[in-house]
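User: I have a new model open and would like to learn how to read it. Could you walk me through its features one at a time?

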Amino acid sequence: MTTLVTPPEAVAAEVAPAAGRSVVRPGILPSPGARQWVSACPVAALVPGRGVAVLLPGGAQAALFLLPNGMIYAVDNLDPYARAAVLSRGLTGDRGGEPTLASPLLKQVFSLRTGAALDDPEVALPTYAVRVQHGTVKIGLPLS
């Protein structure tokens, strides 16, 4: 299993660690309300800094990212500029302490926490709540 190290000052939901293992912290806290939790993949299958595309119910896709600091984020996989499902192949980074994702096609940069396009205040990606249960990453979808 991959060992993840998270700085203590990071603010996020904490999953109780098993003996001798580091803490995994989802990057986006769920907002209040009922959710359908969809299993995405084992934490051990994630590679820090690389994305994974996840098929959601109804045919939508999410892009799931594990950052080197142990935070896990999920945003919509559809690039709002190119209209292609490619964001899981984007480049993760940081802009002034904000975790970011750059589109692999047109290089627009989005906040992984909020989904906002950092250079265009009128555009944002949908974001998803993330949690880890028994070593499995789950994505929270609001119930309609």
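Analyst: Gladly! From the N terminus on, the chain runs β-β-β-β-β-β-β-β-β-β-β-β, with twelve strands and zero helices. Please keep in mind that this is a predicted model.

User: Then how far can I trust it, and what is the average pLDDT of the chain?

Analyst: The general idea is that where pLDDT is low, the predicted coordinates should not be read in detail. Here the chain averages a pLDDT of 83, and 78% of the residues score at least 70. Over residues 1-22, however, the pLDDT is below 50. That stretch still has 43 contacts in the model beyond near neighbours in sequence.

User: How do I read the way strands pair? Which way do β8 and β9 run, parallel or antiparallel?

Analyst: A general point to start: in a regular strand the side chains alternate between the two faces of the sheet. In this model, β8 (residues 91-95) and β9 run antiparallel, joined by five bridges. As an example of facing residues, D94 stands opposite P99 in β9. The two strands form a hairpin with two residues between them, and G96 in the turn has a positive phi of about 60°.

User: Why does S103 count as buried?

Analyst: The cut-off for buried is under 20% relative accessible area. S103 counts as buried because its relative accessibility is 1%. Setting aside neighbours within four places in sequence, S103 is in contact with D79, L87 and Q108.

User: What about the chain overall: what percentage of its residues is buried?

Analyst: Buried residues make up 41% of the 144 in the chain. The chain exposes about 7500 Å², with carbon and sulfur atoms supplying 54% of that area. As for contacts between residues at least 6 apart in sequence, 47% of them join residues at least 24 apart.

Technical notes. Residues numbered from 1 in each chain as written. Predicted model: local features only at pLDDT ≥ 70, side-chain atom pairs only at ≥ 80, totals over all residues. Heavy atoms only, no water. Helix = DSSP H or I, 4+ residues; strand = E, 2+ residues; numbered from the N terminus. Buried < 20%, exposed > 50% of the residue type's maximum accessible area, 1.4 Å probe, protein only. Contact = heavy atoms within 4.5 Å. Areas by Shrake-Rupley, 256 points an atom, 1.4 Å probe, with all protein chains shown as cover. Pairing = 2+ DSSP bridges. pLDDT = per-residue confidence, 0-100.
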